[in-house]
Amino acid sequence: MQAEVKQNDQEIKHAQFSEFVSFTVAGQAFCLKITQIREIRRWSPVTILPHAPSDVLGVMNLRGAVIPIYDLSARFGLETTEASERNVVIVVSAAGKPVGLLAESVSEIISINPEEIQETPPVDSRNTMEYIQGIISHDDNMVRIINLDAVISVPEQVL
Amino acid sequence: MSGSIQDTFFEECEELLEATDEGLSAIEGGDHDPEVVNAVFRAVHSIKGGAGAFGLDELVAFAHRFETVFDEVRANRMELDEPLIQLLLRSCDHLYSLVAVARDGGETDQAHHNMLIEALDKYIPEEEEDLTFEPMGLGGPMDIGAIDIPQVATEEKYQIRFHPLKDMYSTGNEPIFLFQALKDMGELTVSLDDTELPGFDSIDTEESYLAWDLVLTTTEPRSSVEAVFEFVEGLCELSIEGDGDAEADAQALAALEAAFGAAPAAEPSPPPVAEPTAMVEETPAAPFEEPAPAPAPEAVPETSGKKASAPKAETAKSEQRGPKPTLRVDLERVDRLINAVGELIINHSMLAQQIANLDVADVRDVETELEGFKNLARDIQEGVMSIRAQPVKPLFQRMARIVREASSATEKTCKLVTEGENTEVDKTVIERLADPLTHILRNAVDHGIEKPEDRIAAGKSKIGEIRLTASHRSGSVCIEVKDDGAGVNRPRVKQIAIEKGLIPENAELTDSEIDNLLFAPGFSTAKEVSNLSGRGVGMDVVKNAVTGLGGRINITSTPGKGSTFTIILPLTLAVMDGMVVSVADQTMVVPITSIVETMRGNDDMINNLGADGTLLSIRGSFVPICDVAGALGLRKEDNDQPPGVYLLVETETGQRSALAVDDIHDQRQVVIKSLDGVCGEIAGVAAATILGDGKIAMILDPESILAAAPSAAAFDTERRMSNAS
């Protein structure tokens, strides 16, 4: 009886908390809901897409599928990432199609109570505002929750 | 003879009937969505069209009634009430059985058939009735296919000498099918001429030694007899002599038959029929069924020849008349398989690399096994790929048939010239192209090609020419239907569009806009509803089908000269021969079809023209050079290192250019991966492919590279180059 109650408690706790994967991009902490992520791979050289915008690094072979890789840092208007083997590609699913996002490194999985998510205070950076859904405080650090739809929606008009 | 084509039709019939069934069920369930109604209409229409091509008159007649009634529904002139729905459902079931009868033989339930036709007729409005084609005897067999060929009531006798060349066998044709087709027309006697057979020891199993003499007594016209041999034209020595010169021939034949002891020379009388016919059908089979046959004169050599076994196999096949067993598999599953095999091959090469790196003295055994693994993986890959990519030839053959039917129904003379029959196209594409192509070709015959007298008046050859071409064009499949008819009658098209309310009366349209009105839903220039051409569903269906495949369709037309329909389809999974080159440290693939010649250049060959222009001199002629890296924005302009290799390409307009690349590595088949949905359209790139090492390579589109070349401005890719390397 006792054990059962405890289990129920945990279930309630699970229902309330959602898990996020946090990672760093250009030294800043970001996170994505774990359910949005399909897999995380080590960076390997990509094939360049000619005439592509600067935040589209190129395309990669993911088990026979051609997927585009975005440089998150450039996307957010931060400095561009010099990709190396230490970096990771976070493969997310956008409208059923896989898309890779280049991040510096993956940090950890954090459980967040949705109530803890704060709205993004207005700052004078259009790119950031557009791509950030909210922020949370985790271990005294600020983690930015990425608005995935905005990030992967329309790749900027190809030249 | 045309078994495979007919099989395909029946296979499709199944699908179309299923679609009809499904649509009707939805309608019964209360879904009166116009799209559903249209879907049913089109399905029945397609069945009718296909059945017409094979002369399945009963089926055509019934489908036509069905369609006519449904057209009323579609045009909202008739309400779909319960009794009508029930009638339509029963009619659909009857269509099933008509198709089954057409395929498997047997008897139609005439009472049921007539009852349904009567019931359907009640729904057909009066004026529509006039338009339905004439020979509509209730339930009786009718002959639409032969509208232009008057039925010859008198029997005629044909002497046919038929000597197949060996090529005929290699194309899969079988004499016995031809004979069976002839036998269906009337009384047939067959005698074998084996005089050419060499001795048993010197026989070449690939050679064709046998010839046949046939006597056919039939009411069919000569053209029908000739039609039987249509598919083996050029593959055999053939002479068909009609009654006119029968006297002399009969004697010759009599002598011939007497000489070979095949039959007594009494042609008109039936008795010889049984024996020689039996000989053809049974002799080949007999030696195999009986271990030690009494060696009949013909039987001995035949046992050793491959022809003996071939007819047997075919005979056996012809016994089970149903469609060839095929497996319909969800394409997604095949795709998954293809991807998995690709990974397997890449995985193999990585494994091989790892083993080579191992510090083990003797890895030979492992390497041998690994080699076997590699071969197996390649086999699987080839097998899986072949499931998807298929030549368009069977499709084109079907189209030839459509054109013949269409021209005989419209009393026009047309010939179909096909090109690029071996172009391999994704199976789905082929399947789904059949309907639209049929419509385009019918329209080309019906509306495009002029009547013979008009053609002569216009100073053209009496015979209209329709050219059907398939080709790979930089990562796309291009299917072109070109007729040399009158072209689009633009004033009339515009007028009709205005009448039908498709465009406002004062609309200002360019020529090509007018041409494209043909694709507008509900547009039809046909003055009357004919058995052959559509009711305005045609081009609508065509456009839907093509866009459904992710392709596009264009029409260009020159008044008096003809029209060209161009269907461009993406090759999501087709295979292409490509030349693997490197450009600015990136591996890329150039479609081999666009490359005329490759050469290694030296400074002497390069000539400057103006400030930036460079020309390559090849054997005295000068060709503009286009630096691929520059055109793709992968190299800074000040990088002066000249690329080493030139690919001479020819554009559609016949203009030549030299594409400068750094190096050529290989020439191989690559699987085309569409970049749709990955990024927008990229100038100069048609698609991507995955190379053996798992890397992605861009497949270049020479045409658009050349177009993009002069203003290749985007050098911001420079940075990403360093990331990639």
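I began with burial in chain B: of its 725 residues, 48% are buried, where buried is under 20% relative accessible area, exposed over 50% and partly exposed in between, with a 1.4 Å probe and protein chains only. This is a predicted model, in which local features need pLDDT of at least 70, side-chain atom pairs count only at pLDDT 80 or more, and totals for chains, interfaces and linings use all residues. Residues are numbered from 1 along each chain as its sequence is written, chains are lettered from A and ligands numbered from 1 in the order written, and side-chain values use heavy atoms, without hydrogens and water.

I then read off the secondary structure of chain B, which comes to 25 helices and 22 strands (DSSP runs numbered from the N terminus: helices H or I of at least four residues, strands E of at least two).

I looked up H17(B), residues 393–410, against H18(B), residues 427–448: their axes come within 9 Å and cross at roughly 30°. Axes are lines fitted to C-alpha atoms, for helices over the stretch in contact, with angles from 0 to 180 degrees between N-to-C directions. H17(B) is therefore roughly parallel to H18(B) (angles under 35 degrees; over 145 is roughly antiparallel, 65 to 115 roughly perpendicular, the rest oblique).

Last, I checked the cysteines. The count over all chains is zero disulfides, a disulfide being a pair of cysteine sulfur atoms within 2.5 Å. Cys478(B) counts as buried because its relative accessibility is 2%; Cys626(B), at 6%, also counts as buried.
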